[in-house]
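Hello,

Here is the structure we talked about handing over. My notes follow below it.

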Amino acid sequence: MENAIVRVRNVYKSFGEEHKILNGVNLDIEEGRITAVIGKSGTGKSVLLKNIIGILKPDSGEIFFRDSDITKMNKEELLEIRKNIGYLFQDAALFDFMSVEDNIKFPLVEQLGMKNGKELSARVAELLELVGLPGTEKKFPSELSGGMRKRVGLARAIAVKPRIVLFDEPTTGLDPILAESIDALIDMVNKELNMTCVVISHDIASVFRHADKVALLYDGVIQFCGTPDEALASNHEVMKHFISNSFRGIGG
Ligand SMILES: Nc1ncnc2c1ncn2[C@@H]1O[C@H](COP(=O)(O)OP(=O)(O)OP(=O)(O)O)[C@@H](O)[C@H]1O
Ligand SMILES: [Mg+2]
């Protein structure tokens, strides 16, 4: 695909001999779009994302960020590439021993080398404003609700102005109204900040509401990738099964 920002090519990943997780994954992430990755629990969605960001290395296959194969990179090259990739962990993992402010400053200092205290504070304030949590700098993660923690995680993920942001189940565990507000934030990140978004989700209704592309991971491969309309109209057995189960509320 011409305008793919990330291209996953024939990626295999197993843990030990028996535990084959990814079995030849191919996926193009279109620049400027929201791509949703769906699939049942334990199928390897988080593992796939961790391979894309370089936390895990595939056993074989390539992962291109633009023209560079990140699987062939050394540590320094990978750190450089990572400035382009934001990541919201599945549990919105914040550093519990750090204030909200310090959590968000972390990538600014570590990845961008920002040192000026005033500039850092201004950027943190701007990010907190953006995610709807102005003035929460001094709070600690333990003082925040789950939804607020996800927002702080989101602020941290976009802090260095990456070109692409990967969200691992950003709405899981939130009530529907909070989930919608996180979806709206992701739309804002995509449309106003012009960042490419990849969203892993169990929430099929949300996926169909705002994703441009839906990719289904099943049995270690991307079984289907297309627009939500194409997914709904698809005759692909696994996709059909996944959709009907999900809308009955027993999928995931
Ligand atoms: N570092 C690891 N070492 C060994 N096994 C792992 C590791 N990371 C993941 N796995 C295994 O890989 C499989 C896929 O895990 P993964 O977390 O990617 O699933 P998932 O699709 O994200 O599920 P969920 O929807 O529940 O988050 C699981 O069986 C998991 O136990
Ligand atoms: Mg996961």
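**Ligand shell**

Around ligand 1 stand Phe15, Ile21, Gly39, Ser41, Gly42, Thr43, Gly44, Lys45, Ser46, Val47 and Gln90, where a residue counts as near if its C-beta atom, placed from the backbone, lies within 6 Å of the molecule. The model is predicted, so that local features need pLDDT of at least 70 and side-chain atom pairs count only at pLDDT 80 or more, while totals for chains, interfaces and linings use all residues. Residues are numbered from 1 along each chain as its sequence is written, with chains lettered from A and ligands numbered from 1 in the order in which they are written.

Helix α1 (residues 45-53) gives the largest share of the shell around ligand 1, three residues. Helices (H or I, at least four residues) and strands (E, at least two) are DSSP runs, numbered from the N terminus.

**Sheet**

An open sheet of six strands has the order β6-β7-β8-β3-β9-β10, with mixed pairing; two strands pair if DSSP finds at least two bridges between them. Its edge strands, each pairing on one side only, are β6 (85-88) and β10 (221-226).

Strands β7 (residues 164-168) and β8 (residues 196-200) pair in the parallel sense over five bridges. Leu166 has Val198 of β8 as its bridge partner.

α1 packs on the sheet and touches β3 (34-38), β6, β7, β8 and β9 (213-218); contact requires C-beta atoms, placed from the backbone, within 7 Å. The direction of α1 makes about 155 degrees with that of β7 (axes are lines fitted to C-alpha atoms, for helices over the stretch in contact, and angles run from 0 to 180 degrees between N-to-C directions).

Regards

Key
Two residues are in contact if their C-beta atoms, placed from the backbone, lie within 7 Å.
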